[in-house]
Amino acid sequence: MWEQAIRDAVEKTKRNIGQFPMKFPHITEEKRYEWGESNDWIEGFYTGMIWLCYEYTKDPLFKETAIAQLEDYKLRLQEKRHLDHHDIGFLYLPSALAAWIVDEHVEGKQLALKAADHLMLRWREEGQYIQAWGRKGDEKNGGRIIIDCMMNIPLLYWAYDQTGDERYKRVAVAHADKSRRYLMRGDDSSYHTFYFNPEDGTPIRGGTHQGYHDGSAWTRGQAWAIYGFALSYRYTRDPKYLDTALRAARFFIEYLPEDHVAYWDFDVPIEEGTPRDSSASAIAACGMLEILEHLDGEDDNKGLLTEAVDKSMISLVNRYSTIGEAGEEGLIKHGSYYVRGGVGPDDYMVWGDYYYLEALLRLTKGIPGYWYERGQDN
């Protein structure tokens with residue numbers, strides 16, 4: 001089953017490359033992607049999918065395409081184009097760092113280090129956090145952090161490993177600690193966002209931008225927490241991060257519906273037509289596979305997580321994938337972006353496609369994606 005799904009993903013990715021050369025997918029509400037220039041936070045996932053396809057097939061088309069796309073990432077960083085946010089890791093880990101991991105592409109490594117420096121510009125010393133969106137002092141976002149950033153700080157951990165510059169690690173650890181304290185709640189669910197006074201870092205309140213309401217558990221945010229804290233453990237070996245990731249995973253598993261694929265929020269009323277978020281389940285599966293690498297053989301959680309990954313991935317392949325649907329551009333259906341805002345409430349999500357393929361390759365080939373450099377003892 002996994003191999004069939006991977007082959008289908010490879011075929012669709014190759015066709016997209018041929019039909020939309022040197023363009024990137026953007027979210028629509030039309031069961032397709034809008035192909036255009038790199039101007040969002042999501043493009044790295046597409047380049048990452050291409051690298052995953054290359055690792056699986058060794059087809060030079062995939063490597064040539066991914067390396068050619070690096071020029072766009074390079075220019076975008078030079079021009080500071082659409083980079084006034086914290087999603088630098090999402091952009092440059094699966095693209096630039098992937099080029100170094102897979103092909104020892106020196107320019108990719110250098111570009112990833114420059115991207116880490118750009119992410120460091122979002123560090124706010126007064127509050128000890130990385131500001132998610134907007135410019136420093138922004139009236140609305142100046143004191144905001146969001147759970148997604150747990151998946152961006154691996155770029156800083158990696159930069160520390162490469163350079164030995166303690167600044168990168170200090171910022172990554174401080175932000176992880178801040179996120180663990182204020183974004184994770186007592187029941188092991190997560191806030192999407194938390195606000196601080198930007199002048200002195202005084203905590204104000206938790207909230208949401210994309211969840212059902214401020215106190216709800218937005219499923220994609222919970223998935224970011226699972227994977228992000230697991231990666232912080234990989235880099236630091238601090239057991240509190242693994243414990244946080246595991247607790248977040250247990251919450252996610254406990255509240256899944258019968259088909260083991262999440263709705264867009266764990267607290268939203270379930271009615272006919274309530275949007276799912278297949279991308280949240282794909283991310284969570286990758287996060288659980290990461291956690292499993294760090295649990296010892298006697299840990300009772302191993303069986304729980306292994307079963308959860310299998311059930312979710314079987315459901316994604318059998319009920320949500322586009323296997324056999326030759327004209328489709330995406331890999332899994334029924335992802336959601338920003339349901340409250342009416343943006344992509346039920347469509348393909350390129351990050352969902354990426355994590356779905358990453359999970360499949362983790363399960364079959366042990367290929368873990370591009371969030372850390374392989375073979376390093378962190």
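Predicted model: local features only at pLDDT ≥ 70, side-chain atom pairs only at ≥ 80, totals over all residues.
Residues are numbered from 1 along each chain as its sequence is written, and side-chain values use heavy atoms, with hydrogens and water left out. Helices (H or I, at least four residues) and strands (E, at least two) are DSSP runs numbered from the N terminus, and two strands are taken to pair if DSSP finds at least two bridges between them.

The three strands of the open sheet follow the order β5-β6-β7, with antiparallel pairing. Its edges are formed by β5 (144–146) and β7 (203–207), each of which pairs on one side only. On average, neighbouring strands of this sheet are turned by 20° against each other, direction ignored, the axes being lines fitted to C-alpha atoms and the angles running from 0 to 180 degrees between N-to-C directions. Within β6, Thr193 is the bridge partner of Ile146.

Helix α11 (residues 301–320) comprises 20 residues and reaches 27 Å from its first C-alpha to its last, close to the 28 Å expected at 1.5 Å a residue, where the expected span is 1.5 Å times one less than the number of residues. Among the buried residues of α11 are Asn301, Leu305, Val309, Met313, Leu316 and Tyr320; buried denotes under 20% relative accessible area, exposed over 50% and partly exposed in between (1.4 Å probe, protein chains only). The cover over the buried residues of α11 includes α1 (2–19), α9 (239–254), α10 (278–292) and α12 (350–365).

Ser321 is found in the loop between α11 and α12, and is classed as buried because its relative accessible area is 8%. Leaving aside neighbours within four places in sequence, Ser321 is in contact (heavy atoms within 4.5 Å) with Leu316, Leu331, Ile332, Lys333 and Tyr356. Ser321 and Ala9, although 312 residues apart in sequence, are 9.4 Å apart in space, C-alpha to C-alpha.

A search of the whole structure finds two cavities of 30 Å³ or more, a cavity being a set of points on a 1 Å grid over the protein atoms alone where a 1.4 Å probe fits but cannot get out, and lining residues having an atom within 4 Å of a point.

Technical notes. 1 Å grid on protein atoms, 1.4 Å probe; cavity = no way out; pocket = protein on both sides within 12 Å on 5 of 7 lines; lining within 4 Å. Points joined across faces, edges and corners; volume = space filled by probe spheres on them.
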